[in-house]
Protein chains: 2
Amino acid sequence: MKLVCSQSDLNTNLSLVSRAVPSRPTHPVLGNVLLIADEDTQKVSLRGFDLSLGIQTSFPAEVSEGGIITLPAKTLGDIVSKLPEGEITLAQVEETEDEGENTIITLTSTFGSYKLRSMDPEEFPDLPIVEDGESISLPVQALSEGLRSTIFAASTEETKQVLTGVHVTLGNDAIEFAATDGHRLAVVETPNESGSETAQAGDNFEVTIPARTLRELERMLTLRENTDSVMLHVDESQIVFELGNQRITSRKLEGAYPAYRQLIPQQFGNQINVDRRQFQSALERISVLADSKNNVVRCVIDHDNQQLFLSVESQDLGSGRESMSAQITSSNPPEVAFNVKYLMDGLKALSSVEICIHLNAPTQPVIFTPLSGLKMTYLAMPVQLRD
Amino acid sequence: MKLVCSQSDLNTNLSLVSRAVPSRPTHPVLGNVLLIADEDTQKVSLRGFDLSLGIQTSFPAEVSEGGIITLPAKTLGDIVSKLPEGEITLAQVEETEDEGENTIITLTSTFGSYKLRSMDPEEFPDLPIVEDGESISLPVQALSEGLRSTIFAASTEETKQVLTGVHVTLGNDAIEFAATDGHRLAVVETPNESGSETAQAGDNFEVTIPARTLRELERMLTLRENTDSVMLHVDESQIVFELGNQRITSRKLEGAYPAYRQLIPQQFGNQINVDRRQFQSALERISVLADSKNNVVRCVIDHDNQQLFLSVESQDLGSGRESMSAQITSSNPPEVAFNVKYLMDGLKALSSVEICIHLNAPTQPVIFTPLSGLKMTYLAMPVQLRD
């Protein structure tokens with residue numbers, strides 16, 4: 001195997017696939033990236049795989065001799081990232097007696113040369129492929145927006161299974177993203193401009209995708225144009241995203257996703273409009289006192305003065321109170337309390353200048369929506385106050 | 001106590017003194033800052049003290065009622081740093097029955113108000129003072145330069161006592177800074193432009209100051225003009241730095257500092273001039289392969305080709321080799337090896353475009369000096385190669 005490529009291509013693509021290389025591999029070969037140099041296409045493909053998440057990319061190179069090798073992902077990445085812009089040559093050293101079973105690969109730049117051991121590429125597991133499943137085209141912009149405002153709400157506890165993912169529902173005109181950890185729920189609806197192409201998948205095609213996979217997808221989407229599209233292939237157990245020369249594979253999350261639409265009340269007795277950033281800054285300050293065991297912020301809605309009051313109380317540290325002007329439509333809204341973290345997460349994702357808060361009784365879900373832009377619903381369950 | 005001050009003054013000064021507040025205080029009051037509001041001078045002074053390092057600052061405020069309080073450093077700092085620019089009022093709440101022994105302090109801004117508990121200021125230990133010692137004026141620029149290029153070479157192991165500090169020697173014309181951890185040595189000589197003022201301290205006044213104290217001093221020096229000066233007061237056990245309204249106190253490091261000048265050879269058989277950044281970049285790449293147990297880089301000096309070759313060898317990972325052009329004056333220089341970390345640390349501090357390397361036998365100290373600018377000497381002991 002012998003190839004010449006640019007430092008920046010190799011560096012960018014190594015960074016991408018390394019996200020799927022485990023830091024403590026269960027099998028040594030998984031700490032490597034698989035590199036395939038194709039003489040016919042004059043392309044190099046790189047692959048990282050932790051048996052759950054797989055990332056594959058390819059980029060152009062001068063391949064004078066094709067071949068398949070593996071290289072230690074971290075060591076190679078560290079060296080390549082420190083090399084200046086310029087040409088890099090990767091070549092397999094002719095096997096000599098004293099190297100034993102190991103294949104040696106040399107990396108040569110203007111300044112120096114490095115020898116790294118390649119493990120047997122036969123040991124590197126194949127990426128799952130989807131042959132007979134559904135194939136759907138998704139517009140990059142809709143996908144980016146949907147993911148940005150929902151992934152954060154998924155559960156980070158592995159035991160919560162289906163809740164560790166984002167549920168994606170494809171209609172003919174819209175794509176809906178939903179994530180919940182049981183305490184709060186984020187739902188985003190984005191227009192499906194490539195609507196016609198989903199016909200193949202039928203109406204309301206649904207899938208739950210691990211949040212971890214989607215974080216990598218989000219990262220890769222930032223390298224794409226908003227007008228591009230991404231192909232999603234799904235079968236009974238696997239998902240494959242195709243973005244030009246890049247590919248992410250992942251298992252699907254099995255099990256029924258909660259019927260989250262039923263959780264969102266249809267009618268509300270109280271509505272409050274408030275400046276999002278002001279609300280967010282006040283919560284950030286007040287959370288300093290709430291961040292021990294008592295993570296609760298109280299909201300008092302003062303209709304007469306058109307003010308929203310926030311307060312926290314900490315046994316050890318002290319107490320805090322913030323206020324801001326608000327447009328309050330009902331005359332006697334209830335007092336509600338929240339886990340301050342859930343409020344802050346939601347406000348960050350809502351992304352409009354002003355937001356609208358809808359609520360009923362202090363024991364019922366409270367709904368936050370942006371007043372412009374994204375079609376998003378954020379639901380937070382209030383905390384029951386004991387006193 | 002009651003005062004009004006600006007958010008930015010309070011925030012800046014809290015950040016400074018909080019560096020001396022221990023994260024796990026041995027006594028609860030040490031997790032606090034002491035705040036003294038002086039009605040006569042219309043100033044507020046803040047103090048943090050971990051019983052070894054003390055930092056005190058003061059800043060102007062509208063003090064309508066003087067007083068002394070303590071406040072939890074982390075909580076207060078977190079709240080103040082998140083407040084927008086504007087006025088902050090701090091006031092002691094009239095004692096009420098249900099507050100018990102605690103004094104309550106309110107912090108009020110435009111948006112909100114916070115109540116924090118003050119611990120008894122009587123419990124807060126006094127900062128050490130130096131009454132009968134020497135007092136020396138040090139120019140800010142000389143001090144900054146001297147510290148920047150030596151502190152890194154001090155030992156970080158507490159058991160190494162005097163080596164955990166920087167040794168400062170004051171002559172009439174120059175200030176010399178030296179730090180060593182036993183494996184390498186950095187010496188910087190800066191002109192003492194306020195020479196006349198050191199007469200009081202006699203010739204060649206010497207002191208060893210903990211590196212930790214000097215790191216805080218360095219931070220504070222960045223807020224000063226280069227033309228300012230700093231007063232250093234020293235007695236048998238304590239050091240006090242005075243920078244305008246700011247003050248750092250620290251214990252001195254006791255014990256004789258090694259006679260480091262004796263370690264620097266006076267004559268050399270070999271001289272190599274090399275581009276500093278190129279050398280540094282090569283070491284950074286090559287260190288990727290050297291960073292396991294075998295932390296050694298070999299330097300081969302090729303007089304005929306006027307090249308410097310660096311190489312590393314790692315049992316597990318592979319090997320690397322870098323080369324760069326160099327001006328080599330001797331015809332048969334020895335091969336030497338170094339701990340790659342010590343070389344990288346030194347090259348970073350040398351700060352000139354080109355550097356000069358002087359060496360004799362591969363078992364003798366190697367000296368690195370900048371070819372222009374700072375008067376600095378960096379000594380690294382070569383590593384003995386077994387094969």
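The C-alpha centres of domain 2 and domain 3 of chain A lie 29 Å apart. These two belong to a division of chain A into domain 1 (2-123), domain 2 (134-260) and domain 3 (264-380), with bounds that come from an automatic or database domain assignment. Before going on, note that this is a predicted model, where local features need pLDDT of at least 70, side-chain atom pairs count only at pLDDT 80 or more, and totals for chains, interfaces and linings use all residues. Residues are numbered from 1 along each chain as its sequence is written, chains are lettered from A in the order in which they are written, and side-chain values use heavy atoms, with hydrogens and water left out.

Let's look at how domain 2 and domain 3 of chain A meet. The contact (heavy atoms within 4.5 Å) takes 12 residues from domain 2 of chain A and 13 residues from domain 3 of chain A. Between them, about 1,100 Å² is buried, and carbon and sulfur atoms give 57% of that. Buried area here is the accessible area (1.4 Å probe) that two parts lose on being put together, summed over both.

There are 2 salt bridges across this interface of domain 2 and domain 3 of chain A, a salt bridge being a side-chain nitrogen of Lys or Arg within 4 Å of a carboxyl oxygen of Asp or Glu. A:Asp345 forms a salt bridge with A:Arg184, and their closest N and O atoms are 3.1 Å apart. On the side of domain 2 of chain A that touches domain 3 of chain A, the largest share, 6 residues, comes from strand S13 (residues 184-191) of chain A. Helices (H or I, at least four residues) and strands (E, at least two) are DSSP runs, numbered from the N terminus.

Now for the meeting of the two chains. Here 30 residues of chain A are in contact with 30 residues of chain B, and the chains bury about 2,500 Å² between them, 50% of it on carbon and sulfur atoms. A:Phe111, A:Tyr114 and A:Arg285 supply 26% of the area that chain A buries against chain B, more than any other three residues. The count of salt bridges between chain A and chain B is 0, while 14 residue pairs are in polar contact (both at pLDDT 80 or more). Helix H2 (73-82), strand S9 (112-118), helix H5 (276-290) and strand S21 (318-325) of chain A each give at least two residues to the side that touches chain B. The largest share of that side, 7 residues, comes from H5(A).

Strands cross between the chains too. Two strands pair if DSSP finds at least two bridges between them. S9(A) is joined by 5 bridges to strand S21 (residues 318-325) of chain B, running antiparallel, and A:Tyr114 has B:Gly320 as its bridge partner there. S21(A), in turn, pairs with strand S9 (residues 112-118) of chain B in the antiparallel sense over 5 bridges, with B:Tyr114 as the bridge partner of A:Gly320.

Back within chain A, 8 bridges join strand S20 (residues 307-314) to S21(A), again antiparallel. A:Ser311 has A:Arg321 as its bridge partner, and S20(A) and S21(A) form a hairpin with 3 residues between them.

Key:
A polar contact is a pair of N or O atoms within 3.5 Å; within protein, one must be able to donate a hydrogen and the other to accept it, and residues adjacent in sequence count only if both atoms are side-chain atoms.
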